[in-house]
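Biologist: I am new to reading protein models. Could you walk me through this one, feature by feature?

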Amino acid sequence: MGVGTLQKPGMGFITFGASALLGILSLSLFLRTTMKGGHPKTGPILAAKLWKRVLLTLVALLIYARLMPVAGYLISTFLLMSFLFWIVRGKKWWWVLISSFLTTLITYYVFSVWLKAQFPEGPFGF
Amino acid sequence: MGALDNILFGFQVAFQPSNLLFCFIGVVVGTLVGVLPGIGPAGAIGLLLPATFRISPTSGIIMLAGIYYGAMYGGSTTSILVNIPGEAASVVTCLDGYQMARQGRAGPALGIAAWGSFIAGTISIVGLMLVADPLAKVALHFGPPEYFALICTGLILVTYLSQGSILKALMMALVGILIGNVGLDLVNALPRFTFGLTDLEDGVGIVPLVMGLFGISEVFLNLEQDLDRREIFQTRIQNLWPSIEDWAEAKWAILRGSIIGFFLGILPGGGAVLSSFVSYAVEKRISKHPEKFGKGAIEGVAAPESANNSAAGGSLIPLVSLGIPANPAMAMLFSALIIYGIQPGPLFIKNNPDLFWGLIASMYLGNGLLLLLNLPMIGIWVQVLKVPYRILFPLILLFCLIGAYSVNNSTFDLFLMILFGTLGYLMRKFAYDAAPLVLAFVLGPILEQSLRRSLMISGGSFAIFITRPIACFALGFAFLLLLSNIIPYIKKRRHEYREYEE
């Protein structure tokens, strides 16, 4: 991927320029914050007490993205919704299952049947 | 065709039953998005974008624009009743709106917000009608150097006006340009930064990017706090029609807000958020009783709410006449047009009169619909507000997943969205603004094309940006903006250094 010449800029021309500028700016931000000393204004990443919930949700989303083409929209979405409704607690298990089931079904009808989005099918044909 | 013929033609388009229906869906979804925290207008446009592939481009754009200006209406409801802005443009409405609600004047506050929005929306549409077409005619004479200069200025303006550190915003813009470079090179069609993945050859999609940066990251941030700490102000909402005294106090605020909003809306990066803050500050400055502000002054609700709606109309101008989106929501509209096979830019109005004038007329109708939706039906939106966040957040996540997936039916986009969600979450933690990134991402390819073409035209000489007057003026302005930010910093440093010496 060449930078090219000024007369005939190549495909790396702007990426090189932008990266170089980004490097300079990063360096100046780094110097500015180190020279200033003291505590930075932003807090640490995991300061909030419920950070585990964020991490679990992230993992659940990644598993969902992996699972959906294999298990199909209906099964994987039902599992994801059950997990997400469960993770914040406060509700009975049957409430979690029923609302996950309804959410999955309604979104399937709205997006797949009505709006004709193509969701992957699972091993059982749904 | 004169302006009157044009607008009549626009109404013909807008009154077609299908367009009317999609306008209605758009403003309802917009109000919903404005009322609910967690998914902004840009995210909502992304969600419904795939659904518009099967309808005509005109209906599609009418609906997507409806989401944008509808969200500005809805945002005020939560600010006034819950003291939590539904979206960023209504932050400042909290100051006086919530105080009015506490004093039992929630009705007039909601009423003046809705009427102010309606009047401002109308004024901005008239402005849009008058400004967009002539500007597009001027822009027809622009070549690659002018475009390069305008985009540079636009991006620097975005970073200048963004919340927080300008240095960080500039860095985000550069990251956006780099992400925009992923995919096949526009000139010789060779892959760039694709890491051998065929999914990346079309580049990074804007829907996963925006939904990740704005939707998913917001959910993550809310998840780490205690949910459902929102408390809705328990009051009977009555007297939605503001009294004559209220009108007398608010009328000039509405007018000034509309004008400020319109002009700030045109600026890239200005838009609804900035204009609401500026108009509030202006009202407070010129008010005869500034001490009332923050304690329930009706002007403090009327001005910002008018300004953010007016800005929604104004921000369409650079999109339709120059092909340069002014904020993330407009970037989504820009991408929608590209997907429909329509090039936003100077020829947009000439080549697509039905779309442009239909859109303007539909915005007019949409404003009327919003007034109906927001005043008599305010009770419904208050009920929506009561839906607890623990029920809301799985739905927001699911909608983001569906939206990202259904653009290309690709699970790769899901992973991309989750990646950008995590990135956006970290960016918010470290106070990096996502708006410059999104705009630079959309504008990056145009910036690159125009720079490469300009240099080819000039035979490698950068003087082309100085010898062309418009380009020179735009770049000079951008340079001054940057300078105005750096000089105070250097002065401060020198001052500190002198003190240290002494």
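This is a predicted model: local features need pLDDT of at least 70, side-chain atom pairs count only at pLDDT 80 or more; totals for chains, interfaces and linings use all residues.

Biologist: How many residues of chain B are in contact with chain A?

Modeller: Two residues are in contact if their C-beta atoms, placed from the backbone, lie within 7 Å. Here 46 residues of chain B touch 47 residues of chain A. Helices (H or I, at least four residues) and strands (E, at least two) are DSSP runs, numbered from the N terminus. On chain B, the elements giving two or more residues to this side are helices H8 (166–180), H9 (206–223), H18 (389–408), H19 (411–429) and H20 (435–458).

Biologist: Is H8(B) largely enclosed or open?

Modeller: A residue is buried if 20 or more other C-beta atoms, placed from the backbone, lie within 10 Å of its own, exposed if 12 or fewer, and partly exposed in between. Twelve of the 15 residues of H8(B) are buried, so the rest of the structure largely encloses this helix. Among the buried ones are B:Leu170, B:Met171 and B:Gly176. Their cover includes helix H1 (13–36) of chain A, along with helix H7 (144–161) and H20 of chain B.

Biologist: Which residue sits in the loop between H18 and H19 of chain B, and what is its phi?

Modeller: That loop holds B:Asn409, whose phi is near 50 degrees, a positive value in a residue other than glycine. B:Asn409 counts as partly exposed because it has 13 C-beta neighbours inside 10 Å. B:Phe193 also has phi near 50 degrees; this residue lies in the loop between strand E2 (191–192) and H9 of chain B.

Biologist: What about the core?

Modeller: In soluble globular proteins, nonpolar side chains tend to be buried together. A nonpolar core is a set of buried Ala, Val, Leu, Ile, Met, Phe, Trp, Tyr and Cys residues joined through C-beta atoms within 7 Å. The largest one has 195 residues, and B:Ile45, B:Leu333 and B:Val438 have the most contacts inside it. Helix H6 (residues 106–139) of chain B supplies the largest share of this core, 16 residues. Leaving aside neighbours within four places in sequence, B:Val438 is in contact with residues including B:Gly176, B:Leu209 and B:Pro328.

Technical notes: Residues are numbered from 1 along each chain as its sequence is written. Chains are lettered from A and ligands numbered from 1 in the order in which they are written.
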